Amino acid sequence: MGKVLIFVAVLVVATAAGRLERSPFGSRIRRDASMRCCNDGFDQSEIHAKFAEVRTGCIQELGLGDVPHEEMIKNRENLNCVTECIARKEGIADETGALVHEDLSKVVLEHMSTIEWKVPLAEGFVKQCFDEVDAAHSDFAPTDEAKCNPEGFEFVFCLWRHFTLSCPEEFRDDSEHCVELRNKLANKEDVSELHDGIGAAE
């Protein structure tokens, strides 16, 4: 349960970036399920309900508890650090914050197995996202400006993007915001300006 839980925590952290839509930090913003762009019930699992404790612990541990919401989501380093903290605590990243591929793959595939349409897609998406992350960040070394490894955040953003774009028609929200989101994701454009209009599409 722990590692599946941690994948969910990381996934929701990823949906908060300066290039994503909503903040996962605490209860400062309550996401309305009706505003999700893929309403397949994925967010209603028991695991989703439990991830807040791990996430909140990392935020406090990193000294980010009092950081205003807007500042939090605009600072990519904060998001990288929270994601790395969560992944390291659950043993799906090593001491440098690099992802442990085999363990994380098992977590993702186990969690995605709860939603039927995601099952045949998950393995291929996981491989694509590991390839993307490895190509971009395999030589990561911490600096004063970038102390935390971006691998975890980038991996989960990649998965989120793939599943958002693959959402079956019967679950897809075709509101103006969600159509715009999918168009931007398909073109690999920045979606940060959609932050206040749409909810996460895990």
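1. A quick definition to start: buried means under 20% relative accessible area, exposed means over 50%, and partly exposed sits in between (1.4 Å probe, protein chains only). By that cut-off Ser105 is buried, with a relative accessible area of 18%.

2. Before going on, some bookkeeping: this is a predicted model, where local features need pLDDT of at least 70, side-chain atom pairs count only at pLDDT 80 or more, and totals for chains, interfaces and linings use all residues. Numbering starts from 1 along each chain as its sequence is written, and side-chain values use heavy atoms, with hydrogens and water left out.

3. On the fold: the protein chain has 8 helices and 0 strands (DSSP runs numbered from the N terminus; helices are H or I with at least four residues, strands E with at least two). Of its 202 residues, 51% are buried. Among contacts (heavy atoms within 4.5 Å) with a separation of 6 or more, 71% link residues 24 or more positions apart.

4. Back to Ser105, which lies in helix 5 (residues 101-112). Setting aside neighbours within four places in sequence, Ser105 is in contact with Val126 and Phe130.

5. Helix 8 (residues 176-186) buries Cys178, Leu181, Arg182, Lys184 and Leu185. Viewed down the axis, these buried residues fall within an arc of 165°, so they line one face of helix 8 (the arc is taken over directions from the helix axis to the C-beta atoms). They pack against helix 7 (151-166).
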